[in-house]
Amino acid sequence: MVLNMTREEHMKLMRKEQFTEAQILAIISLIQKKCKKGKSPEVIADEVEESVEFTRRLYDLIQEHPDWSEEEIYRTASRTYDFISHKRK
């Protein structure tokens, strides 16, 4: 089956599947709280409904810098990881 979509329709669909900065900051905040409770990356990934790989990247950065704010984690991670192309589960 061929989908007849305009470029604009395709871009709109892709944006719905991608993260916004606010969503990533919220996820980072959740991961920080769960790290403090001693939960593993695998458990956290399940609880926040994200991939283990994505969660592990943030988890490792949070473990390296436990006193950093969500914004500091986000800025550092966004230089290293492609959040824009990451799609939710």
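Student: What percentage of the 89 residues of the protein chain count as buried?

Tutor: This is a predicted model. Of its 89 residues, 30% count as buried.

Student: How many helices and how many strands does the chain have?

Tutor: The secondary structure comes to five helices and zero strands. Read from the N terminus, the order of elements is α-α-α-α-α.

Student: What share of the contacts with a separation of 6 or more is made by residues 24 or more positions apart?

Tutor: Such residues account for 61% of those contacts in the protein chain.

Student: Which residues of helix 2 are buried?

Tutor: Start with the general idea. An α-helix has 3.6 residues a turn, so residues three or four places apart point the same way. In helix 2 the buried residues are Ile 24, Leu 25, Ile 27, Ile 28, Ser 29, Ile 31, Gln 32, Lys 34 and Cys 35.

Student: What do the buried residues of helix 2 pack against?

Tutor: They pack against helix 3 (41-48), helix 4 and helix 5.

Student: Why does Gln 32 count as buried?

Tutor: Buried means under 20% relative accessible area. Gln 32, which is in helix 2, has 11% relative accessibility and therefore counts as buried. Setting aside neighbours within four places in sequence, Gln 32 is in contact with Ile 62, Trp 68, Ser 69, Glu 70 and Ile 73.

Student: At what angle do helix 2 and helix 5 pack?

Tutor: The angle is about 115°, and the axes are 9 Å apart. The crossing of these two helices is right-handed. On the helix 2 side, Glu 21, Ile 24, Leu 25, Ile 28, Ser 29 and Gln 32 take part, and they meet Glu 70, Glu 71, Ile 73 and Tyr 74 of helix 5. By class, this contact has five nonpolar, two polar and three charged residues.

Student: How do helix 4 and helix 5 cross?

Tutor: Helix 4 (residues 52-64) and helix 5 (residues 70-80) have axes that come within 10 Å and cross at roughly 125°. That makes helix 4 oblique to helix 5. Helix 4 passes helix 5 in a right-handed crossing. Leu 58, Leu 61 and Ile 62 of helix 4 make the contact with Ile 73, Thr 76 and Ala 77 of helix 5. These residues divide into five nonpolar, one polar and no charged.

Student: What comes just after helix 2?

Tutor: Gly 38 is found there, with a positive phi of about 80°. Lys 39 lies in the loop between helix 2 and helix 3, and Ser 40 is in that loop as well.

Student: Are Lys 39 and Ser 40 buried or partly exposed?

Tutor: Lys 39 counts as partly exposed, at 25% relative accessibility. Ser 40, with a relative accessible area of 26%, is partly exposed.

Student: Which residues does Lys 39 contact, leaving aside its neighbours within four places in sequence?

Tutor: Lys 39 is in contact with Lys 34, Ile 44, Glu 47 and Tyr 59.

How values were computed. Residues are numbered from 1 along each chain as its sequence is written. This is a predicted model: local features need pLDDT of at least 70, side-chain atom pairs count only at pLDDT 80 or more; totals for chains, interfaces and linings use all residues. Side-chain values use heavy atoms; hydrogens and water are left out. Axes are lines fitted to C-alpha atoms, for helices over the stretch in contact, and angles run from 0 to 180 degrees between N-to-C directions. Helices (H or I, at least four residues) and strands (E, at least two) are DSSP runs, numbered from the N terminus. Angles under 35 degrees count as roughly parallel, over 145 as roughly antiparallel, 65 to 115 as roughly perpendicular and the rest as oblique. A crossing is left-handed if the near helix is turned anticlockwise from the far one by less than a right angle, and right-handed if clockwise. Contact means heavy atoms within 4.5 Å. Ala, Val, Leu, Ile, Met, Phe, Trp, Tyr, Cys and Pro count as nonpolar, Asp, Glu, Lys and Arg as charged, and the others, Gly among them, as polar. Buried means under 20% relative accessible area, exposed over 50%, partly exposed in between (1.4 Å probe, protein chains only).
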